[in-house]
Amino acid sequence: MLNRVKQFLRALFAKVSAADRAYIEEHLGGQEEQELFFAMDIIDMRHALNVAYTAEKLAATEANIDKKLLVRAALLHDTGRIKGDLGIIGKTLAVLFEWALPKLARKIAAPAAGLPKMMYVYFYHGELGAEKLRKIGLYREAELAKKHHDPPKEGDSAELCLLRIADNLN
């Protein structure tokens, strides 16, 4: 929960600098990729940048890592959430709801429940983002985005493992 408090405080002051924009342009060369990135709320853009910077550092000394894939996936892993879906208040409420009543939170988030979109997006943003990424031909990135909150499994790629670590650190 302490990590969530830190995330909340970082979100209050989230911004994307000129250096961050250059980093995004360097790693997300296509217009469609950048459009997906910039469709996110500022707090999710900042989080994705932090995840990408962390993932890049973690991968620096690793062999057999597709670093370009890892950074692209880190920048795009939360594109299932767009401006207006959650925001800082919605995300905070979703986190607290999941923490206090995890079974009920998942139950009302199910697509068939037809209840708060906020909870659906909170729980299913990996799948939503993966669908968007597949539509623009980023199949490997889509697979990483889809699985980034799944429990680790034998056979997970090194990129997925590093993405999860970087995401959890940020």
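This is a predicted model: local features need pLDDT of at least 70, side-chain atom pairs count only at pLDDT 80 or more; totals for chains, interfaces and linings use all residues.
Numbering runs from 1 along each chain as its sequence is written, and side-chain values use heavy atoms, with hydrogens and water left out.

Okay, the overall picture. We have 10 helices and 0 strands; those are DSSP runs numbered from the N terminus, with helices being H or I of at least four residues and strands E of at least two. The C-alpha trace spans about 40 × 40 × 35 Å along its principal axes. For 170 residues, a compact globule would have a radius of gyration near 15 Å, and the chain agrees, at 15 Å. That's taken over C-alpha atoms, and the globule rule is 2.2 Å times the number of residues to the power 0.38. Of the 170 residues, 45% count as buried, meaning under 20% relative accessible area with a 1.4 Å probe, protein chains only.

Now have a look at α5. How many of its residues are buried? It's 8 of the 10, so α5 is largely enclosed by the rest of the structure. The buried ones include Arg-72, along with Leu-75 and Leu-76. And what covers them? The cover includes α2, α3, α4, α8, α9 and α10.

Let's take α10 from that list. Helix α5 (67-76) and helix α10 (158-169) pack at about 40°, with their axes 10 Å apart. Axes here are lines fitted to C-alpha atoms over the stretch in contact, and angles run from 0 to 180 degrees between N-to-C directions. The two are therefore oblique to each other; that's what remains once you take out under 35 degrees (roughly parallel), over 145 (roughly antiparallel) and 65 to 115 (roughly perpendicular). On the α5 side you have Leu-69, Leu-70, Ala-73 and Ala-74, and α10 brings Glu-159, Leu-162 and Leu-163.

Last one: α6 (87-100) and α7 (102-109). These pack at about 125°, axes 5 Å apart, and are therefore oblique as well. Phe-97, Glu-98, Trp-99 and Ala-100 of α6 touch Pro-102, Leu-104, Ala-105 and Ile-108 of α7.

Note on methods
Contact means heavy atoms within 4.5 Å. Buried means under 20% relative accessible area, exposed over 50%, partly exposed in between (1.4 Å probe, protein chains only).
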